[in-house]
Amino acid sequence: MISLLLAAGLAVAADCDLERPSGADGCTRAAVDALPMNAIQVIGTHNSYKQAIAPAEMALVRMAKADLAATLDYAHAPLTDQLDAGVRQLEIDLLNDPEGGRYADPLAMRIAKDSAAAPYDFAPLKAPGFKVMHVQDIDYRSNCPTFLGCLKQIRAWSKAHPDHVPILVIMNLKDDNLAGVPGAATTVPFDAKAMDQIDADIRSVFPERALITPDRVQGKALTLAAAVKAGGWPRLGAARGKVMFAMDESGAKPALYRGSRTSLEGRVMFINTDEGPAAGYVTLNEPLALSARIEAALARGLIVRTRADADTLEARANDRARQTAAFASGAQYVSTDYLKPDARFGPYEAHLPGGGTARLNPKTAK
């Protein structure tokens, strides 16, 4: 498809910001909007909702397990601020809470007795519905503590910025428990009813016209995988102002979500797989170790998310090797925990090479 666009005189300059075409040669709106949406590359964030753990509670985590505490020692601005800053991929962790209140009395706060020094509004956690947090009881503070609240923030921003390139929202469905920790909350597994409710919650906030769904991409193709291999992703002009959701899980959860469907007929989310008829999106978070797999996924038309940094390691060492590999890999969505440096660690930060919000993908826009 890219070669056909080039032949038609719709070449796009390498330094073009695809979200804000300048009108200069090679950066016109017509040329940019003719690109398929998988020909872009943007930056995103990991655990995008996350607030910092309160100091007294972090001290408890360090005392119990210092290596774990180091990996949890980061935070993000509110979702709207991130989107304003150019983030076009967000990550949300869901915990199932059909009755409400299950995660509203976290163990770390109870032990640290720091509610006055580090207050937190638990009222949103008391109603039924999916909750958004990293680790119940110890890393629970969130800029949007409910799934519906996160969705409404994203939708409001999207409506106010209808020309944005497609936003990817990936979700982890958390049901791990804190083994051997008396008094910790027990999670509720994600069953078929919960899977249906995730879709229902998304559709309650986002109308069909605002979504990029598996059905939209598959069109009349026999499978989703066949559609993306044949270039079925919407053109950028048609994808502007829309949001795409993907489940970042493997094994039983995506199988349960997919059910007996050939691909993902009728579902809102894509699933994390680069194999089989439902393949359209895949998470490959190790751009160095998995470079060949990323390349193969891109060759089959898949959209890929990878990570520029993880577990605070790159920030503490100011190591940009992983970040360089992530952007060079051609993954369309590259996430970071460091849109800005953390002064405690040093100057490390991650930005889209060349600046701007969206650039031509170094692999898929050739």
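**View 1. An open sheet of 5 strands in a predicted model.** The strand order is β7-β8-β9-β1-β10, with mixed pairing. At the edges stand β7 (281-283) and β10 (358-360). Each has a single partner strand, so one side of each lacks a neighbour in the sheet. From one strand to the next, the twist averages 25°.

**View 2. The antiparallel pair β1 and β10.** Strand β1 spans residues 40-45 and is joined to β10 by 3 bridges. I40 has L360 of β10 as its bridge partner.

**View 3. L18 in the largest nonpolar core.** This core holds 88 residues. L18 is listed among those with the most contacts inside it, as are L94, F147, I198, I202, F206 and F245. Strand β4 (residues 167-174) contributes the most, with 6 residues. Beyond its neighbours within four places in sequence, L18 touches V12, V32, L35, I40, V165, L236, R240, A358, R359 and L360.

**View 4. A second, separate core.** It has 11 residues, including L95, M109, Y120 and F122.

**View 5. The disulfide between C16 and C27.** The S to S distance is 2.2 Å. The link is right-handed, with 75° about the S-S bond. Both cysteines sit in the loop between α1 (2-7) and α2 (29-33), 11 residues apart. C16 is buried at 2% relative accessibility, and C27 is buried at 6%.

**View 6. The disulfide between C144 and C150.** Their sulfur atoms lie 2.0 Å apart. This link is right-handed too, with 90° about the S-S bond. C144 has 1% relative accessibility, so it counts as buried; C150 is buried at 0%. The structure holds 2 disulfides, and the bonded cysteines, numbered in sequence order, pair 1-2, 3-4.

Notes:
Residues are numbered from 1 along each chain as its sequence is written. This is a predicted model: local features need pLDDT of at least 70, side-chain atom pairs count only at pLDDT 80 or more; totals for chains, interfaces and linings use all residues. Side-chain values use heavy atoms; hydrogens and water are left out. A nonpolar core is a set of buried Ala, Val, Leu, Ile, Met, Phe, Trp, Tyr and Cys residues joined through side-chain atoms within 4.5 Å. Buried means under 20% relative accessible area, exposed over 50%, partly exposed in between (1.4 Å probe, protein chains only). Helices (H or I, at least four residues) and strands (E, at least two) are DSSP runs, numbered from the N terminus. Contact means heavy atoms within 4.5 Å. Two strands pair if DSSP finds at least two bridges between them. Axes are lines fitted to C-alpha atoms, for helices over the stretch in contact, and angles run from 0 to 180 degrees between N-to-C directions. A disulfide is a pair of cysteine sulfur atoms within 2.5 Å.
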